[in-house]
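These are my notebook entries on one structure. I record what I looked up and what I found, entry by entry.

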Amino acid sequence: LTKQNIQKLQKLQNNAVRFVFQLNGKKKWEHIKPYLKRLHFLPVQYRIKFKIALLVFKCLNNLAPEYLKCLITLRETKRVSMRLDDDYYVLKVPKKSNLSETEGSFTYAAPQTWNNLPYNIRCLTDIGQFKILLILRVY
């Protein structure tokens, strides 16, 4: 999605929250974030990142369909690393394409989103715990 489309979706979500809480008149200019939290809504840009990371988690833990699993690959470790954490949960980032539209696809967005997560979240195997830590991290 383009930034403009994300902004449009965010405005739509904000208006829906204002409608639910009847924020009219002077309250119309109140900050929307506390109301989003009360409804357990993530802002649109964070929800997109949350969903991508959740799909990657499902792919790596064999909870996703095969057509999604084949779109991502773990980075290969070629030699013994001197790093203490031995991070085997990093995804291989595909080479940049000449087409700007492809960079928003799952194949390109998933490794970037996943690799930006801290190691302690990436190495989890319980989906419930993963969701909780991911929401705390993303938002």
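How many of the 10 residues of helix 5 are buried? I counted 7 of the 10 as buried, so helix 5 is mostly covered; buried means under 20% relative accessible area, exposed over 50% and partly exposed in between, with a 1.4 Å probe and protein chains only.

**Entry 1. Basis.** I note that the model is predicted, that local features need pLDDT of at least 70 and side-chain atom pairs pLDDT 80 or more, and that totals for chains, interfaces and linings use all residues. Residues are numbered from 1 along each chain as its sequence is written, and side-chain values use heavy atoms, with hydrogens and water left out.

**Entry 2. Overall make-up.** I found 7 helices and 0 strands in the protein. Helices (H or I, at least four residues) and strands (E, at least two) are DSSP runs, numbered from the N terminus. The order of elements from the N terminus is α-α-α-α-α-α-α. Of the 139 residues, 29% are buried. I also looked up contacts between residues at least 6 apart in sequence: 50% of them join residues at least 24 apart. Contact means heavy atoms within 4.5 Å.

**Entry 3. Helix 5.** I listed the buried residues of helix 5 (106-115): they are Phe-106, Tyr-108, Ala-109, Ala-110, Pro-111, Thr-113 and Trp-114. These buried residues pack against helix 3, helix 4, helix 6 (119-122) and helix 7. For Tyr-108, which lies in helix 5, I read a relative accessible area of 17% and therefore recorded it as buried.

**Entry 4. Helix 3.** I compared the span of helix 3 with expectation. Its 17 residues reach 25 Å from first C-alpha to last, close to the 24 Å expected at 1.5 Å a residue; the expected span is 1.5 Å times one less than the number of residues. The buried residues of helix 3 are Val-44, Phe-50, Ile-52, Ala-53, Leu-54, Val-56, Phe-57 and Cys-59. They pack against helix 1, helix 4 (66-69), helix 5 and helix 7 (127-138). Just after helix 3, I noted a positive phi of about 55 degrees at Asn-62.

**Entry 5. Helix 1 against helix 3.** At what angle do the axes of helix 1 and helix 3 cross? The axes of helix 1 (residues 3-20) and helix 3 (residues 44-60) come within 9 Å and cross at roughly 110 degrees. Axes are lines fitted to C-alpha atoms, for helices over the stretch in contact, and angles run from 0 to 180 degrees between N-to-C directions. Helix 1 contributes Ile-6, Leu-9, Gln-10 and Gln-13 to the contact, and helix 3 contributes Val-44, Gln-45 and Ile-48.

**Entry 6. Asn-14.** Leaving aside neighbours within four places in sequence, I found Asn-14 in contact with Ile-32 and Leu-36.

**Entry 7. Cysteines.** I searched the whole structure for disulfides and found 0; a disulfide is a pair of cysteine sulfur atoms within 2.5 Å. For Cys-59, the nearest cysteine sulfur is that of Cys-70, 8.7 Å away. Cys-59 counts as buried at 6% relative accessibility, whereas Cys-123 counts as partly exposed at 28%.

**Entry 8. Val-90.** I placed Val-90 in the loop between helix 4 and helix 5, and at 13% relative accessibility Val-90 counts as buried. Leaving aside neighbours within four places in sequence, Val-90 is in contact with Leu-74, Arg-75, Asn-115 and Arg-122. The C-alpha atoms of Val-90 and Cys-123, 33 residues apart along the chain, are separated by 9.8 Å.

**Entry 9. Positive phi in loops.** Gln-22, in the loop between helix 1 and helix 2 (33-38), has a positive phi near 50 degrees. Gln-22 is exposed, with a relative accessible area of 63%. His-40, in the loop between helix 2 and helix 3, has a positive phi near 60 degrees. I recorded His-40 as exposed, with a relative accessible area of 73%.
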